[in-house]
Amino acid sequence: MIATKLSSILKTVKTIAIVGASSNEERDSYKVMKFLIDYGYEVFPVNPNESNKKILNQKCYSNLNDIKQKIDMVDIFRSSKYVFNIAKEAVSINADILWMQEGVIDHMAADFAKKEGLIVIMNECPKKILEKSFKWQIS
C-alpha cells in the first residue's frame, strides 16, 4: 500500500494494541509504542511475559481478550509463526485493522483476517508512516 493510503487508515485509529510490547527501551516495540502514545493514540501493550506490569505507564495485558476497551488496530511485533493465532484473537475482539510490523509476514493470517473483514497491512511500520505524513504536512 502507498504511504498516503496507510496514513489515511491511521487517521481513523484511536486505540492500538501492541502485541509483543517490551519494557526494554532498546527494543523497536518500545520505541514505536512511545511514539504512538506521544502522537496521541491510546495504546495497550500486550505481552504475557510482562502482564500485570506497566510499560510506559500503560498496564500490560497477557492477551488481546483481556483488554476491555474496543481496539481499533492490532500492531504485531511477534515472529511470523505467531501471527495466525494473533489474527484469530484480533477477529475475536472485533478489531478493525491487523497491522504487521516490518519483517512480519504471514499471508495465511492476512487472508483469514481480510475474509473476516479486517483491513490488513503487512511489513510496514506505523511510526515511519506517521513521520513521513508529518513531514509532508510541514513542507
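Predicted model: local features only at pLDDT ≥ 70, side-chain atom pairs only at ≥ 80, totals over all residues.
Two rings of Phe, Tyr or Trp count as an aromatic pair if their centres lie within 6.5 Å; planes under 30 degrees apart make the pair stacked, planes over 60 degrees apart make it edge-to-face, and the rest are tilted.

**Stop 1: Phe35 and Tyr39**

Select Phe35 and Tyr39 and display their side chains. The two rings form a stacked aromatic pair, with 5.6 Å from centre to centre and 25° between the planes. Both residues belong to helix α2, which spans residues 28-39; because they are four residues apart there, about one helical turn separates them. Phe35 is buried, at a relative accessible area of 18%, whereas Tyr39 is partly exposed at 37%.

Phe35, Tyr39 and Tyr41 together make up one aromatic cluster. Then show Lys127, which lies over the face of Phe35 at 5.5 Å from the ring centre.

**Stop 2: Phe44 and Tyr61**

Which kind of aromatic pair do Phe44 and Tyr61 form, stacked or tilted? The pair is tilted, with the centres 6.2 Å apart and an angle of 50° between the planes. Phe44 is part of strand β2 (residues 42-46), while Tyr61 is in the loop between β4 (58-59) and β5 (73-76), so the pair ties together parts of the chain that are 17 residues apart in sequence. Phe44 is buried, with a relative accessibility of 8%. Tyr61 is buried as well, at 14%.

**Stop 3: Arg78 and Tyr82**

Move to Arg78 and Tyr82. Here Arg78 lies over the face of the Tyr82 ring, at 3.9 Å from the ring centre.

**Stop 4: Ser29**

Return to helix α2 and select Ser29. Is Ser29 buried or exposed? Its relative accessibility is 3%, and Ser29 therefore counts as buried. The side chain of Ser29 reaches the backbone nitrogen of Ser22 at a distance of 3.2 Å. With neighbours within four places in sequence left aside, the residues in contact with Ser29 are Gly20, Ala21, Ser22 and Phe77.

**Stop 5: Lys128**

Select Lys128, located in helix α5, which covers residues 126-138. Lys128 is partly exposed, with a relative accessible area of 42%. For a sense of scale, draw a distance from the C-alpha atom of Lys128 to that of Tyr61: the two are 67 residues apart along the chain and separated by 25 Å.

**Stop 6: the whole chain**

Finally, clear the selection and view the chain in cartoon form. Its secondary structure comprises five helices and seven strands. Read from the N terminus, the order of elements is α-β-α-β-β-β-β-α-β-α-β-α.

Along the principal axes, the C-alpha atoms fill a box of roughly 40 × 35 × 25 Å. The radius of gyration is 14 Å, which agrees with the value near 14 Å for a compact globule of 139 residues. Of these 139 residues, 46% count as buried. Among contacts with a separation of 6 or more, 58% come from residues 24 or more positions apart. On a surface display, the chain exposes about 7600 Å², of which carbon and sulfur atoms supply 48%.

Conventions: Residues numbered from 1 in each chain as written. Heavy atoms only, no water. Phe/Tyr/Trp six-rings, centres within 6.5 Å; stacked < 30°, edge-to-face > 60°. Helix = DSSP H or I, 4+ residues; strand = E, 2+ residues; numbered from the N terminus. Buried < 20%, exposed > 50% of the residue type's maximum accessible area, 1.4 Å probe, protein only. Lys NZ or Arg CZ within 6 Å of the ring centre and 35° of its normal. Polar contact = N/O pair within 3.5 Å; in protein donor to acceptor, adjacent residues only side chain to side chain. Contact = heavy atoms within 4.5 Å. Rg over C-alpha atoms; globule rule 2.2 N^0.38 Å. Areas by Shrake-Rupley, 256 points an atom, 1.4 Å probe, with all protein chains shown as cover.
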